[in-house]
Amino acid sequence: MPPSPHRRHAGPFSYLALPETVDPRRPTLLFLHGSGHNARFWELQLGAFAHLANCLALDLPGHGHSTASAPESVADHAGAVCKFLETLESGPVIPVGLSLGGAIVQWLLRHHPERCRAGVIVNSGARLRVLPAIFEVLETDFPRYLEMLKEVALSPTHRKDTAIDAILKRCTTPDAAVTAADFRCCDRFDMMADLNRIDGPVLVMA
């Protein structure tokens, strides 16, 4: 089995790390979760890549064990990531982001390139409009939203996998307001006109 990550704290930020301390001689992968999730979304990836790099997974503000309120824009999320890296006294990293996390990676690459050696964008986009029905169900029936999440993200076979249910329970925030704030960040996000200004290696996965 892959090793279990260590829970660490840096100022108001909480994160998972493998190995326990950052080795400056190795590249650092910084994993950023998507809307309504937390750092534990990336636990298996931390274990899988720890032999190649320092692996960190951040609880974005308002999520998991990190303090402060959930930001209202991707730019604010990216600013928080930069503050985390300052607190950690880290050099340039390779941010890896899913969905909202992928939007944050794009903002970092465009506006804070000194923080990035490269970037990885997973199941995201340069514009992330959100269906009004998602906001409606978040306001009226959060348990139904959690079921919708499985219906949208998983194949019919995997929707019945109790192991995946357990993973989703560990990595999903129970706060509908925080999740709605995340989706508002996505809905306002638009970097279509700025993509050609990103200068650096990027891996896009979907």
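The largest pocket in this predicted model has a volume of about 1300 Å³. By pocket I mean, on a 1 Å grid over the protein atoms alone, an open set of points where a 1.4 Å probe fits, with protein on both sides within 12 Å along at least five of seven lines. The volume is the space filled by probe spheres set on those points, which are joined across faces, edges and corners.

A word on conventions. Residues are numbered from 1 along each chain as its sequence is written. Local features need pLDDT of at least 70 and side-chain atom pairs count only at pLDDT 80 or more, while totals for chains, interfaces and linings use all residues, and side-chain values use heavy atoms, without hydrogens and water.

Which residues lie nearest the centre of the largest pocket? They are His-37, Phe-41, Leu-98, Leu-149 and Ala-153, out of 38 lining residues, where lining means having an atom within 4 Å of a point. The lining comprises 25 nonpolar, eight polar and five charged residues; Asp, Glu, Lys and Arg count as charged, Ala, Val, Leu, Ile, Met, Phe, Trp, Tyr, Cys and Pro as nonpolar, and the others, Gly among them, as polar. Helices H1, H4, H5, H6 and H7 each supply at least two lining residues, and H5 gives the largest share, six. Helices are DSSP runs (H or I, at least four residues) and strands likewise (E, at least two), numbered from the N terminus.

Let us turn to H7, residues 176-188. Among the buried residues of H7 are Val-178, Phe-183 and Cys-186, buried being under 20% relative accessible area with a 1.4 Å probe, protein chains only. The buried residues of this helix pack against H2, H3, H4 and H5.

Two further residues deserve attention. Asn-54, in strand S4, is buried, with a relative accessible area of 1%. A polar atom of the Asn-54 side chain lies 2.8 Å from the backbone oxygen of Asp-23. Ser-90 sits in the loop between H2 and strand S5. Why does Ser-90 count as buried? Its relative accessibility is 17%, and the limit for buried is under 20%.

How values were computed: Buried < 20%, exposed > 50% of the residue type's maximum accessible area, 1.4 Å probe, protein only. Contact = heavy atoms within 4.5 Å. Polar contact = N/O pair within 3.5 Å; in protein donor to acceptor, adjacent residues only side chain to side chain.
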